[in-house]
Amino acid sequence: MTLAIPFETTYAALPERLYSRIDPTPVRDPQLLAFNHALAADLGIAVTGDEATLARVFAGNEVPEGAAPLAQLYAGHQFGQFNPQLGDGRAHLLGEVVDRQGRRRDIQLKGSGRTPYSRMGDGRAWMGPVLREYVVSEAMHAMGIPTTRALAAVATGEPVVREAVLPGAVLTRVAASHIRVGTFQVFAARQDTEALRALFDHTVARHYPQADGPQALLDAVIAAQARLVAQWMSVGFIHGVMNTDNCALSGETIDYGPCAFVDDYHPETVFSSIDRMGRYAYANQPDIAVWNMAQLATALVPLMPDRDKAVEAFTESVHAMPGMIRAEWLARFRAKLGLAGQDEGDAGLISELLDLMAAQGADFTNTFRGLAEGTARREFTDPAPFDAWEGKWRARLAAETGDPAARMRAANPAVIPRNHQVEHMIEAAVGGDLAPFRRLVAALATPYETPEDTTLAAPPRPEERVAATFCGT
């Protein structure tokens, strides 16, 4: 068996106070649960031979040639409270590869053992969150939403103690980078301008080479995050834990902990078991994205020669972000209604439909998909208000050219990783049955096509409803 990974290690070339060099901790009996061959090919990874070698490498039992394992240091605001040191407590960055599109990508093991940043944790992950992240991140990619990817999932053959004794697993995550708002925050808080400057230079070179200073970097990240949160909203996604240490400067979705998708729509929907005040509810996500960018701006101020002028300019950039998110949101939801043109009444038309959906608990995904299929009406227990809205919508559609139904099918997924399906998949996998996992992965690879197994598009029955999702740490 050969496994050739063309590693480079530019992050490991940064000052060593940005990270700790440490190898993954080997596991007892690694067994491959899933491997993303298409992604591996795109990354230029040459794979031949048996699964046992893949399992050993992606469990952390063998460090591949050219890798330089390390755990990254960062801080973060967690539910609004600043923690001055977090870091990769159960993850090891192996290195980077340049993919076939010329993009530099991190390869990281998650659940691969203790690091200097583990605090009281065991450095491990159990199978449920590993498979959830695999499924959801790949689904997000297929929907065209910037995201980390899943390369492999490996069972460790070792138990993990959480609320019960559970089977352990390791996820191999691929990301544009793992540089977070919290990565900047830790060095700003330590007044380590030298490390902050090195991180800034690395980030600009890696993600935004056109940025000619901290102001330009901030503006570029704000634009990326504005696009991202609007995309989340358009598919009913709730990140669940939008702490600054879970906010990537690349503009990718990162850290799928207690994430979930809305079934019956309500703007205040919360699934995360640790979000007791609803800070990261569905409708709050745009405001939190702005708040996170304010924290990034604060961390960048020490790099500016005139700090008073920097605060003024950075504040102006952050204050412009809500309008940017609104414009991105409007573009996404116009497409969901089949609208290519713009009319001043469009925002009201969209909001009116969302209000009707919230009032009657209509399924988010199936209502919007049903607009293209002619089935949206059945999502409402009392269809009369929807009928009135539909008349206005169809009058608006009459002014459009092209094929509105095609636009709607391209903007409205037919199948998403529904919470109850994900939970069923995890339960089956823990019992040794990976068929539901594989069925979900296959269906979610083409989310805009009606699945052959129509049960995957069905909302949960009352007894199947998922009331809470969990972080997995």
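Modeller: Strand 9 is largely enclosed by the rest of the structure, because 6 of its 7 residues are buried; buried means under 20% relative accessible area, exposed over 50% and partly exposed in between, with a 1.4 Å probe and protein chains only. Strands here are DSSP runs of E with at least two residues, helices are runs of H or I with at least four, and both are numbered from the N terminus.

Biologist: And what am I looking at, in terms of the model and the numbering?

Modeller: This is a predicted model, in which local features need pLDDT of at least 70 and side-chain atom pairs count only at pLDDT 80 or more, while totals for chains, interfaces and linings use all residues. Residues are numbered from 1 along each chain as its sequence is written, and side-chain values use heavy atoms, with hydrogens and water left out.

Biologist: OK, how many bridges join strand 8 to strand 9?

Modeller: There are 7 bridges between strand 8 (residues 91-98) and strand 9, and the two run antiparallel; strands count as paired if DSSP finds at least two bridges between them. Ala91 stands opposite Lys110 of strand 9, and in the hairpin of these two strands, with 5 residues between them, Gly102 takes a positive phi near 80°.

Biologist: What is the bridge partner of Lys110 in strand 12?

Modeller: In strand 12, Lys110 has Leu171 as its bridge partner, and strand 9 is joined to strand 12 (residues 165-175) by 5 bridges, again in an antiparallel arrangement.

Biologist: Is Asp255 buried or exposed?

Modeller: Asp255 is buried, with a relative accessible area of 11%, whereas Arg119 is partly exposed at 49%.

Biologist: Last topic: how many residues has the largest nonpolar core?

Modeller: It has 95 residues, and those with the most contacts inside it include Tyr11, Phe184 and Leu296; a nonpolar core is a set of buried Ala, Val, Leu, Ile, Met, Phe, Trp, Tyr and Cys residues joined through side-chain atoms within 4.5 Å. Helix 6 (residues 214-234) gives the most to this core, with 10 residues.
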